[in-house]
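Welcome! Let us take a friendly walk through a protein model, from its overall layout down to single residues.

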Amino acid sequence: MTAFLMAAAGAVLVTVVVGMVRILRGPGDADRVMAAQLLGTGGVAALLLAGIARDRAATVDVALTLALL
């Protein structure tokens, strides 16, 4: 299960990288704003998945705090 969660976290990080490319080269302002929202959501999701996979409560706490901000 740990390997699956880490693979899922890696897949989420790949989408975040694609979002960063969209921010830099997006055709319009709306695309750039949506990609910026993806960075925040994807970052929180990746932290949650990695924290649960490694059984580290501090990582989950950081992810939930970022989600509240």
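Predicted model: local features only at pLDDT ≥ 70, side-chain atom pairs only at ≥ 80, totals over all residues.

## Reading the model

Helices (H or I, at least four residues) and strands (E, at least two) are DSSP runs, numbered from the N terminus.

Residues are numbered from 1 along each chain as its sequence is written, and side-chain values use heavy atoms, with hydrogens and water left out.

## The overall layout

How many helices and strands does the protein chain have? There are three helices and zero strands, and from the N terminus on the order is α-α-α. The C-alpha trace spans about 40 × 25 × 10 Å along its principal axes.

Contact means heavy atoms within 4.5 Å. Among contacts between residues at least 6 apart in sequence, 38% join residues at least 24 apart.

## Surface and charge

Accessible areas here come from the Shrake-Rupley method with a 1.4 Å probe, and for residues only the protein chains shown count as cover. The protein chain has an accessible surface of about 4800 Å², and carbon and sulfur atoms hold 71% of that. A residue is called buried under 20% relative accessible area, exposed over 50%, and partly exposed in between (1.4 Å probe, protein chains only). Of the 69 residues in the protein chain, 20% are buried.

For charge, Lys and Arg count as positive and Asp and Glu as negative, while His and the chain ends are not counted. Each charge is placed at NZ of Lys, CZ of Arg, CG of Asp or CD of Glu. The protein chain carries 5 positive and 4 negative side chains, and the centres of the two sets are 10 Å apart.

Helix H1 covers residues 2–25 and includes Thr2. Thr2 is partly exposed, at 45% relative accessibility. Between Thr2 and Ala50 there are 48 residues of sequence separation, yet their C-alpha atoms are 8.8 Å apart in space.

Leu5 also has its place in helix H1. Is Leu5 buried or exposed? Leu5 is buried, with a relative accessible area of 15%. Leaving out residues up to four places away in sequence, Leu5 touches Leu49, Ile52 and Ala53.

Gly42 belongs to helix H2 and is buried, with a relative accessible area of 5%. Which residues does Gly42 touch, not counting those up to four places away in sequence? Gly42 touches Val12 and Val16.

Asp55 sits in the loop between helix H2 (29–54) and helix H3 (57–68). Although Asp55 is not a glycine, its phi is positive, at about 60°. Asp55 is exposed, with a relative accessible area of 70%.

Leu69 is exposed as well, with a relative accessible area of 83%. Together, Val62, Leu66 and Leu69 make a nonpolar surface patch of about 330 Å². Patches are made of residues with over 30% relative accessible area and no salt bridge, where like charges are joined within 9 Å and nonpolar side chains (Val, Leu, Ile, Met, Phe, Trp, Tyr) within 5 Å. A salt bridge is a side-chain nitrogen of Lys or Arg within 4 Å of a carboxyl oxygen of Asp or Glu.
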